[in-house]
Amino acid sequence: MPDLAGRVANEFEARVREHEDGWLSPLAVRSYDTRGRAREEEEECRLRTPFQRDRDRIVHAKAFRRLKHKTQVFIDPKGDHYRTRLTHTLETAGISRTVARALRLNEDLTEAIALGHDLGHPPFGHTGEEALDRVLEQRFGQRFRHNEQSLRVVEVLERDGRGLNLTEEVRDGILNHSG
């Protein structure tokens, strides 16, 4: 049975590589040509690409589940039509995949970045971010940027301080998603 599992995994990787070589733009990052992770993995999942594994780690993170309690835009809606960070993040991931597909970029990488881009955002949208930034600046001479906090969440805060050990490409995308 281990031989069958190994053959299936090898065929999966070969099919992904062949598909990416035939489909992706020359500018796109290939799933198996990453710059690596901060820490070496004990064992890579051979039935998911590194970016698919990153996506799954983000979706299963505590910070991702907490997005459902954070407002996207602080308004006074009627009924149950609150905009949350979770709905914003899921919409962003869908749009990102569509744009990546149109540009022939790596959809899995794009989706992982989109799902992780706001993990460090405070409640009350950008108004909350601006208020927190003002307080930190006045009291401690430091700035608050949600993209930097999002990176801190995935690198340090998740998994009791061990972080998610995401690929360099996903971490870079989370940090630089604001420009």
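Mentor: Let's start with E111, which counts as buried because its relative accessibility is 14%, and buried means under 20% relative accessible area, with exposed over 50% and partly exposed in between (1.4 Å probe, protein chains only). Please keep in mind that this is a predicted model, in which local features need pLDDT of at least 70 and side-chain atom pairs count only at pLDDT 80 or more, while totals for chains, interfaces and linings use all residues. Residues are numbered from 1 along each chain as its sequence is written, and side-chain values use heavy atoms, with hydrogens and water left out.

Trainee: What makes E111 and R55 a salt bridge?

Mentor: Their closest N and O atoms are 3.4 Å apart. The label asks for a side-chain nitrogen of Lys or Arg within 4 Å of a carboxyl oxygen of Asp or Glu, so the pair qualifies.

Trainee: Which helices does this pair link?

Mentor: E111 sits in helix α5 and R55 in helix α2, so the bridge joins distant parts of the chain, 56 residues apart. Helices here are DSSP runs of H or I with at least four residues, strands are runs of E with at least two, and both are numbered from the N terminus.

Trainee: How do you know that α2 is mostly covered?

Mentor: Nine of its 10 residues are buried. They are P50, F51, Q52, R53, D54, R55, D56, R57 and I58.

Trainee: How many salt bridges does the structure hold?

Mentor: There are 20 of them.

Trainee: Which residues of α8 are buried, and what covers them?

Mentor: In α8 (residues 168-176), they are E169, V170, R171, G173 and I174. The cover includes α2 (50-59), α5 (107-116) and α7 (146-157).

Trainee: Why does V170 count as buried?

Mentor: Its relative accessibility is 0%, so V170 falls into that class. Leaving aside neighbours within four places in sequence, V170 is in contact (heavy atoms within 4.5 Å) with F51, D54, I58, L109, A112 and I113.

Trainee: What makes I95, V99, L103 and L105 a patch?

Mentor: They make a nonpolar surface patch of about 350 Å². Patch members have over 30% relative accessible area and no salt bridge; nonpolar side chains (Val, Leu, Ile, Met, Phe, Trp, Tyr) are joined within 5 Å and like charges within 9 Å. Areas come from the Shrake-Rupley method with a 1.4 Å probe, and for residues only the protein chains shown count as cover. One of these four, L103, lies in helix α4 (residues 85-103).

Trainee: And what makes the patch of K62, R65, R66 and K68 positive?

Mentor: Lys and Arg count as positive, Asp and Glu as negative, and His and the chain ends are not counted, so these residues give a positive patch. Each charge is placed at NZ of Lys, CZ of Arg, CG of Asp or CD of Glu. K62, in helix α3 (residues 62-66), is partly exposed because its relative accessibility is 45%.

Trainee: Finally, what stands out about the phi of D160 and of N165?

Mentor: D160 has a positive phi of about 55° although it is not a glycine, and N165, also not a glycine, has a positive phi near 55°.

Trainee: Is each one buried or exposed, D160 and N165?

Mentor: D160 has 74% relative accessibility and so counts as exposed, whereas N165, at 6%, counts as buried.
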